Amino acid sequence: MNPLLEVENLSVAYGAIEAVRDVSFVVEEGQIVCLIGANGAGKTTTLRTISGLLRPRAGDVRLRGRSIVKSPAHLILSEGVAHCPEGRRVFARMSVEENMLLGAYTRKDDAGVRADMQRVFELFPVLGERRSQKAGLFSGGEQQMLAIGRAMMSRPKLLMLDEPSMGLSPIMTQLIFDTIKELQGQGTTILLVEQNALAALDLSDRGYVVDLGQTTLEGPGHELLADERVRAAYLGA
């Protein structure tokens with residue numbers, strides 16, 4: 001496997017408050033990699049920095065070996081990194097189709113955009129059935145489907161998902177995680193931030209524990225699931 005994304009000694013601050021300190025991890029092409037940790041550990045800040053929404057104080061982010069820390073967010077998106085944010089952030093007054101088209105705003109291939117929209121509708125049939133309805137009328141789970149579908153419209157090589165199971169029922173959570181696995185099977189690399197550590201580690205090829213802004217543990221997902229420190233801190237065991 002080849003590294004698709006490399007985060008090296010990343011430090012990010014909000015004014016005088018350092019949210020991320022020396023975070024390092026690697027995402028190999030074709031993998032699902034998860035970041036787990038308590039609220040406030042710096043996971044969301046890390047994703048926002050990778051996608052160009054924040055600038056680091058120190059460290060580097062490399063996509064296929066090339067630094068992107070100074071690239072604007074729209075160029076990072078066009079280079080294949082899509083960010084599905086925490087809280088879904090769909091446009092409530094816009095239809096499903098309008099939300100999806102916004103996800104493809106950097107693309108010029110109209111035929112390809114329509115083909116990818118149909119692919120998303122096959123992945124999430126409810127979106128196709130209600131494509132003309134406003135997103136604000138959807139349940140939380142349906143909005144999460146739309147948020148993932150919108151991110152997929154840019155044809156990402158790396159899809160970053162921030163807390164995709166937040167506020168969802170167990171059945172809907174399982175559907176979302178099954179979809180993440182299906183997307184991996186279709187060739188999309190996934191970087192997952194998730195409070196449900198058990199489900200995330202069970203799904204992931206590799207996991208990293210982020211604590212107080214630092215990566216403190218790493219390893220294959222199944223090994224971290226069995227690690228007593230991880231079980232005690234995040235799995236309630």
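Two strands pair if DSSP finds at least two bridges between them. Strands (E, at least two residues) and helices (H or I, at least four) are DSSP runs, numbered from the N terminus. This is a predicted model, in which local features need pLDDT of at least 70, side-chain atom pairs count only at pLDDT 80 or more, and totals for chains, interfaces and linings use all residues. Residues are numbered from 1 along each chain as its sequence is written, and side-chain values use heavy atoms, with hydrogens and water left out.

**Exercise 1.** Work out the strand order of the open sheet of 4 strands, and find its edge strands.

*Solution.* 
- Step 1: The order is S2-S1-S4-S5, and the pairing is antiparallel.
- Step 2: Strand S2 (17–28) and strand S5 (66–67) are the edges, since each pairs on one side only.
- Step 3: S5 is joined to strand S4 (residues 58–63) by 2 bridges in the antiparallel sense, with Arg-62 opposite Ser-67 in S5.

**Exercise 2.** Describe how strand S3 (residues 32–36) is covered, and name its partners.

*Solution.* 
- Step 1: S3 is mostly covered, with 5 of its 5 residues buried.
- Step 2: Ile-32, Cys-34 and Ile-36 point one way, while Val-33 and Leu-35 point the other way.
- Step 3: S3 runs parallel to strand S8 (residues 189–193), joined by 4 bridges, and Val-33 faces Leu-191 there.
- Step 4: Strand S9 (residues 206–211) also pairs with S3 in the parallel sense over 4 bridges, and Ile-36 stands opposite Val-209 in S9.

**Exercise 3.** Which residues of helix H3 meet helix H4?

*Solution.* 
- Step 1: From H3 come Val-96, Glu-97, Met-100 and Leu-101, meeting Val-113, Arg-114, Met-117, Val-120 and Phe-121 in H4.
- Step 2: The residues of this contact divide into 7 nonpolar, no polar and 2 charged. Here Ala, Val, Leu, Ile, Met, Phe, Trp, Tyr, Cys and Pro count as nonpolar, Asp, Glu, Lys and Arg as charged, and the others, Gly among them, as polar.

Note on methods: Contact = heavy atoms within 4.5 Å. Buried < 20%, exposed > 50% of the residue type's maximum accessible area, 1.4 Å probe, protein only.
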